[in-house]
Amino acid sequence: QLHFRTGTSSNGNDGCDPTESLGFNRYYSIKMEVDQFSTVKIFYDGKQVCTRKMPGAIYPAGTIVTVYAGDPWHESPNAMLKDLSYRKNDPNKRLLGTTDMLQGMTWWRVNLLAVYPIAIVRVMSRGDCCADELRGFQVQISNSVNNASYICNPSGAGETPLAEWYYVSCPSVSGDVVTIIRNNTNASLSLCEVEVFSHGHNITVAPTRSPITSSPT
């Protein structure tokens with residue numbers, strides 16, 4: 001079992017400890033997420049295994065991070081850490097990830113909150129495993145203003161090596177919702193990151209260009 005810690009103004013050693021144990025002789029994709037509301041969430045292979053609203057305000061994200069793989073009080077496991085990353089969450093990001101089923105498809109979606117002309121969508125495969133769970137993906141652009149949708153790459157993506165960007169062009173398409181889909185009821189979908197570009201700018205962060213029109217509320 002793993003022990004996840006962070007700090008708040010009420011407790012410098014707070015966190016969330018999953019009850020689920022890890023198995024032997026396999027890799028796991030493990031993620032710890034702390035939001036601006038002091039809620040900590042733990043994910044194993046995309047599955048949420050622990051969540052807790054901590055008292056107090058979270059400490060601000062730093063730029064220098066010390067990583068401890070063990071301590072003097074407990075026996076260290078015979079395990080390997082790889083592809084370790086730490087980053088500050090951007091409150092302007094509007095990424096809504098999922099691997100739910102939607103009309104027989106496995107999907108992941110981002111709502112841009114307004115209609116933009118979409119030029120390129122790029123998707124990064126995971127760096128630890130599961131590149132085959134991105135093979136054949138399609139990019140769908142939807143426009144909630146005129147109820148239109150368009151598949152940018154109808155034939156689907158080809159091979160997607162580990163930890164590489166895959167670029168999909170979407171010429172002359174405008175929309176406010178971008179969905180990554182695998183049109184197979186038995187297919188899993190695993191990815192690392194998605195970026196959507198309009199006028200040469202990544203609009204999945206803070207937009208630098210005005211939208212075509214605001215989406216209805």
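I began with D14, which counts as buried at 5% relative accessibility (buried means under 20% relative accessible area, exposed over 50%, partly exposed in between, with a 1.4 Å probe and protein chains only). The model is predicted, so I note that local features need pLDDT of at least 70, that side-chain atom pairs count only at pLDDT 80 or more, and that totals for chains, interfaces and linings use all residues. Residues are numbered from 1 along each chain as its sequence is written, and side-chain values use heavy atoms, with hydrogens and water left out.

**Entry: salt bridges**

I looked up the salt bridges and found 6 in the structure (a side-chain nitrogen of Lys or Arg within 4 Å of a carboxyl oxygen of Asp or Glu). D14 is bridged to R52, with 2.3 Å between the closest N and O atoms. This pair links distant parts of the chain, D14 being in strand 2 and R52 in strand 5 (residues 47–53), 38 residues apart. Strands here are DSSP runs of E, at least two residues long, and helices are runs of H or I of at least four, numbered from the N terminus. R52 is partly exposed, at a relative accessible area of 33%.

I then noted E195 and R122, whose closest N and O atoms are 2.8 Å apart in a salt bridge. E195 belongs to strand 12 (residues 193–198) and R122 to strand 8 (residues 105–124), 73 residues apart. E195 is buried, with a relative accessible area of 10%, and R122 is buried at 17%.

A further salt bridge joins R5 to D17 at 3.1 Å between the closest N and O atoms. R5 lies in strand 1 and D17 in the loop between strand 2 and strand 3, so this bridge ties together parts 12 residues apart in sequence. R5 is partly exposed at 30%, as is D17 at 35%.

**Entry: aromatic rings**

I searched the whole structure for aromatic pairs and recorded 3. Rings of Phe, Tyr and Trp (its six-membered ring) pair if their centres lie within 6.5 Å; planes under 30 degrees apart count as stacked, over 60 as edge-to-face and the rest as tilted. F4 and Y44 make a tilted pair, 6.4 Å centre to centre with 45° between the planes. F4 lies in strand 1 (residues 4–6) and Y44 in strand 4 (residues 39–44), so the pair ties together parts 40 residues apart in sequence.

Which charged end sits over the ring of Y28? I found that of R26, 3.7 Å from the ring centre. K31 likewise lies over the face of F43, at 5.7 Å from the ring centre. The criterion is NZ of Lys or CZ of Arg within 6 Å of the ring centre and within 35 degrees of the ring normal.

**Entry: backbone**

I noted a positive phi, near 60°, at N25, a residue other than glycine. N25 is in the loop between strand 2 (14–16) and strand 3 (30–34) and counts as exposed at 85% relative accessibility.

**Entry: chain and confidence**

I counted 0 helices and 14 strands in the protein chain. Of its 217 residues, 34% count as buried. Mean pLDDT (the predictor's confidence in each residue, from 0 to 100) is 78 for the chain, and 77% of residues reach 70 or more.
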